[in-house]
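Please look at the sequence and the structure on the screen.

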Amino acid sequence: MPSHDIADAIRRGGPWTVERYMRACLTDRGGRYAEGNPIGAAGDFITAPEISQLFGETIAVWIAAAFEGLGRPAQLRLVELGPGRGTLMADALRLLRRVPEVGNALDVHLVERSLPLRREQAARVAWPRLAWHDDVADVPAGPAIVIGNEFLDCLPIAQAICDGAGWRERLVAWSGGRLVFATGDAVPGPADARIGAVREYCPSHAALLAALAARAAPFAALFVDYGHAGGYGDTLQAVSRHRHADPLATPGAADLSAHVDFAALARAAVAAGLVAHGPLPQGQLLLRLGIAARRDAHLRASPQPREAIDAAVARLVDPAQMGDLFKAMAITSPGQLTPLPF
Ligand code: SAH
């Protein structure tokens with residue numbers, strides 16, 4: 001829904017939960033992803049695959065190792081959740097196609113709700129067996145490798161806030177001519193919290209893991225995202241044109257996201273009968289998968305100046321830049337080898 005429609009719907013119909021608000025802002029008709037492309041220099045934010053092709057190429061190394069780990073199946077679904085502009089997949093496939101045993105086995109499945117982004121993906125990803133889906137549950141049965149970079153952070157979260165007497169669902173309401181946070185029904189929560197403390201839940205993460213488990217085929221998934229290992233407060237954030245913004249000011253126009261709680265994600269994986277590995281800082285993931293060797297190969301072949309390539313690698317792996325805040329977690333079906341490099 002366009003900005004004024006969301007505000008209008010709340011003004012007329014009463015408060016929404018944070019979860020409903022976030023979903024409407026992002027993927028409903030008129031939401032940020034449904035209507036445009038927020039990714040890249042001209043958009044709201046920039047992501048690792050857009051910083052350097054070395055990111056997608058290094059993820060290709062992970063995919064090739066996961067192919068081995070799954071016992072080199074003759075046919076394998078390579079699934080990307082929320083592929084954005086298609087850059088990661090294009091960079092990974094450029095490398096994977098050089099390894100015929102892997103390349104011949106792969107059919108590529110892009111799970112993407114945004115029509116403008118599907119068009120961008122179609123322009124970049126060239127593969128003979130390529131399909132799009134709205135939902136991971138629609139990917140055909142069979143062994144799979146699943147990749148999601150900055151996908152989990154844009155699935156809608158619910159929030160609860162402690163009001164002293166207990167926990168209440170956090171709402172978005174209309175008051176004084178604008179959208180404000182408000183509190184709703186009582187919800188269960190720990191007794192020892194201070195007033196104003198916020199807790200977050202992501203029911204969509206559990207639903208995603210349940211859908212992966214329900215495929216009943218061996219799989220290995222790699223999620224890379226900014227987040228923490230549990231215990232944080234309010235992480236709902238809005239980004240517009242590379243600046244932080246008020247999440248309630250321009251619903252549907254800014255990009256909303258929340259930090260991923262990897263401890264909760266691991267618990268949800270176990271609850272779904274799956275196995276979680278990590279989290280591992282993004283810098284560690286990329287270094288252990290050999291991003292330095294890929295950089296050297298790139299330096300020899302590319303017209304780009306050495307400084308630009310080094311700066312991009314530093315941005316991805318340096319703990320003071322993306323290296324620590326971004327983390328990787330692998331989730332596998334039971335009975336798999338621990339995926340490299342966890
Ligand atoms: N992986 C890309 C893009 C990250 S942005 C990159 O790293 O650059 C998030 C992506 O997830 C976008 O492609 C967005 O359209 C998609 N997306 C968001 N919510 C989705 C949902 N519920 N189902 C499928 N795709 C979704």
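Partly exposed means a relative accessible area between two limits: under 20% is buried and over 50% is exposed, with a 1.4 Å probe and protein chains only. By that rule Asp296, at 31%, is partly exposed. The model is predicted, so to speak of local features we need pLDDT of at least 70, side-chain atom pairs count only at pLDDT 80 or more, and totals for chains, interfaces and linings use all residues. Residues are numbered from 1 along each chain as its sequence is written, and side-chain values use heavy atoms, without hydrogens and water.

Now salt bridges, meaning a side-chain nitrogen of Lys or Arg within 4 Å of a carboxyl oxygen of Asp or Glu. The whole structure has 19 of them. Asp296 forms one with Arg295, at 3.4 Å from N to O. Another joins Glu101 and Arg72 at 2.6 Å. Glu101 sits in helix H7 and Arg72 in the loop between helix H5 and strand E2, 29 residues apart; helices are DSSP runs of H or I with at least four residues, strands runs of E with at least two, numbered from the N terminus. Glu101 is partly exposed at 44%, and Arg72 is partly exposed at 40%.

Last, the helices. H12 (residues 291-301) and H13 (residues 306-317) pack at about 160°, axes 11 Å apart. That makes H12 roughly antiparallel to H13, a term for angles over 145 degrees. In the contact (heavy atoms within 4.5 Å), H12 supplies Ile291, Arg295, His298 and Leu299.

Technical notes:
Axes fitted to C-alpha atoms, helices over the stretch in contact; angles between N-to-C directions. Parallel < 35°, antiparallel > 145°, perpendicular 65-115°, else oblique.
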